[in-house]
Amino acid sequence: MLLRFTARRRRQVGEWLVELMIVVFGVLIALYAQQWANERQSLKAAKDAETRIREEIYGNIANSVERIAVHRCLRDRLGQIAERLNAGTNDWKAFAYDYTDNDLFLVRRIYRTPSRSISEDAYRGALASGALDSVPVERRAMWSGLYGSFAKMQFVNNQENERTSGLNSLWLNGEVLPGDRRELLQLVARLDRDNGLITLISKQNVDSLKELGYALTAEERGAFEKQLNNKAFDSSNTSLAMRRRVYGNCVDAEAFKLIDPALKID
């Protein structure tokens, strides 16, 4: 009878161990499945975030390429302003850009720069949400460096815009007093430095784009070509024709191919 009891106990222990193993394996499988689901969700979130970041980067790069395209125009314009100041010229109205900023009233400017806002909402949002946690550190570092460069470009552009207002009053004031002429010449020198610095940062941004390995799709290239080759003139137009209307034929059309060498420019 003792033997039968011992055998029954052994069988019960064995059954208990089997059940325990089933429960343990079930828990492990559930944990693995949950981990797999979390990793899959994390990778999807990272992929979606990069899609938005890529689109945002291209928008900012378009602003960088625009600055490269008009750099010589701005440099030459500042040189002309300096020459007029040194010569004591007072006829500034005819020298102002004959360009309407909007459809309501005429706004003349002595010096006009591209004033573009840098976007970083997609990148900052992805950082805050943790969507980039699964992205390799090297790639996150490249984004961080590029967006830091965008921010620096925006900062200098804002400074440039503030300084530009000091020149645009010339077409109203007309005569420039000797004391004011020196200050204006110093202002021209600062604006020339701003233009050079923004252009340098813009070229670095384009190089960073290449390092990221991004390339336009055929659809994206077609949309950009359509925008660039638009012949209509309105305040929202950012085409090559519109830029040439403002700055003249000095606009470097080939600069836009820095975004994509395959771009077709009319």
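These legends describe close-up views of a predicted model.

View 1. Read along the sequence, the order is α-α-α-α-α-α-α. The chain has 266 residues, and 36% of them count as buried. Take the contacts between residues at least 6 apart in sequence: 76% of them join residues at least 24 apart.

**View 2. Helix 6 spans residues 218-228 and has a buried side.** Its buried residues are Phe-224, Glu-225 and Leu-228. These three lie on the same side of helix 6 because they cover an arc of only 100° around the axis. An α-helix has 3.6 residues a turn, so residues three or four places apart point the same way. The face turned away from the buried side carries Glu-219 and Lys-226, both exposed.

**View 3. The largest pocket has a volume of about 440 Å³.** Its lining counts 18 residues. Closest to the pocket centre are Tyr-58, Gly-59, Ala-62, Phe-224 and Gln-227. Phe-224 also belongs to the buried residues of helix 6.

**View 4. Helix 1 and helix 6 each supply at least two residues of the lining of the largest pocket.** Helix 1 covers residues 2-87. The largest share of the lining, 7 residues, comes from helix 1. By residue class, the lining of the largest pocket divides into 8 nonpolar, 4 polar and 6 charged.

Terms used: Residues numbered from 1 in each chain as written. Predicted model: local features only at pLDDT ≥ 70, side-chain atom pairs only at ≥ 80, totals over all residues. Heavy atoms only, no water. Buried < 20%, exposed > 50% of the residue type's maximum accessible area, 1.4 Å probe, protein only. Helix = DSSP H or I, 4+ residues; strand = E, 2+ residues; numbered from the N terminus. Arc of directions from axis to C-beta. 1 Å grid on protein atoms, 1.4 Å probe; cavity = no way out; pocket = protein on both sides within 12 Å on 5 of 7 lines; lining within 4 Å. Points joined across faces, edges and corners; volume = space filled by probe spheres on them. Nonpolar A, V, L, I, M, F, W, Y, C, P; charged D, E, K, R; others polar. Contact = heavy atoms within 4.5 Å.
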